[in-house]
Amino acid sequence: MLRVALTGGVGSGKSTAAAMLRERGAYLFQSDEVGRALMQQGGAAFAPIVQQFGAGVVKADGSLDRGALARIAFDEGRVEELNAIIHPLVISQQARWAAEIAAKDPLAVAVVESALVFETKHAASADDSAPWRTRFDRIVVVTAPEEQRRWRYIQRVSGLNEAAASADFERRNAAQWNDERKAAMADFVIANDDSLQELSDEVQTLWEELKTESMERAGQAK
């Protein structure tokens, strides 16, 4: 099985690229979606988050106030405290998911979509300085110009005016490596700065390369 990480900055379009890969036959694990589920009331991350950040991150209905949590995490420089709670739980689920896929489909291309592939400090062993290397065979980075990413983010955020959404983009963007740094570490780079058709064409080329490699790996393992 070929283990692939798909990442990109805020508003890069990595989720769109991930969906296109799934349409072509890839198995897809969406780390951000799993993380959000873990943060819901009753999820494994809920109680630790409340304990770490206080009752102010809980709404009157008992659910997590994600906006309040984000403001504390980003504005007060406490993002890594939040990551230290969520990332190990998500990575553990990734590992179980990957093992299940490998057991049933040795030719699988298993794609993990994650905003923080390079940035996370959490790995299987404490002395691993590059944890993504132990979890993935290939890294794909989706890039786009910053102002284009900002515009996309503003368009998709609900409940915030343009100025607030732009400020939120800045906070989140600052917590991630820039495109140049990520691209230098990647095996494949997809530039999502044109039309949706252009992105689809790039994803198709990528898919063909990934599928070929998965088949070659399966052949070598026999």
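Trainee: How do you know that strand β1 and strand β3 pair, and in which sense?

Mentor: Keep in mind that this is a predicted model. Two strands pair if DSSP finds at least two bridges between them. Strand β1 (residues 2-8) and strand β3 (residues 109-113) have five bridges, in the parallel sense. So the pair meets the cut-off of at least two bridges. Within it, Arg3 stands opposite Ala110 in β3.

Trainee: What is the strand order of the open sheet?

Mentor: The five strands run β2-β3-β1-β4-β5, with parallel pairing.

Trainee: What makes β2 and β5 stand at the edges?

Mentor: Count partners. β2 (27-30) and β5 (188-191) each have a single partner strand, so one side of each lacks a neighbour in the sheet. From one strand to the next, the twist averages 20 degrees.

Trainee: Which strands does helix α1 touch as it packs on the sheet?

Mentor: Helix α1 (residues 14-23) touches β1, β2, β3 and β4 (138-143). Its direction makes about 150 degrees with that of β1. Helix α2 (residues 31-39) also packs on the sheet, touching β2 and β3. The direction of α2 makes about 45 degrees with that of β2.

Trainee: What lines the second largest pocket?

Mentor: That pocket has a volume of about 180 Å³. Its lining has 14 residues, and the closest to its centre are Arg3, Gln94, Ala95, Ala98 and Arg135. Two or more lining residues come from each of β1, α5 (79-104), β3 and α6 (132-135). The largest share, five residues, is from α5. By class, the lining divides into ten nonpolar, two polar and two charged residues.

Trainee: Why is the pair of Phe118 and Trp177 called stacked?

Mentor: Start with distance. Ring centres must lie within 6.5 Å, and planes under 30 degrees apart count as stacked. Here the centres are 5.2 Å apart and the planes are at 5 degrees, so the pair is stacked. The whole structure holds three aromatic pairs.

Trainee: Where in the chain do Phe118 and Trp177 sit?

Mentor: In distant parts, 59 residues apart. Phe118 is in the loop between β3 and α6, and Trp177 is in the loop between α8 (162-174) and α9 (179-185).

Terms used: Residues numbered from 1 in each chain as written. Predicted model: local features only at pLDDT ≥ 70, side-chain atom pairs only at ≥ 80, totals over all residues. Heavy atoms only, no water. Helix = DSSP H or I, 4+ residues; strand = E, 2+ residues; numbered from the N terminus. Axes fitted to C-alpha atoms, helices over the stretch in contact; angles between N-to-C directions. Contact = heavy atoms within 4.5 Å. 1 Å grid on protein atoms, 1.4 Å probe; cavity = no way out; pocket = protein on both sides within 12 Å on 5 of 7 lines; lining within 4 Å. Points joined across faces, edges and corners; volume = space filled by probe spheres on them. Nonpolar A, V, L, I, M, F, W, Y, C, P; charged D, E, K, R; others polar. Phe/Tyr/Trp six-rings, centres within 6.5 Å; stacked < 30°, edge-to-face > 60°.
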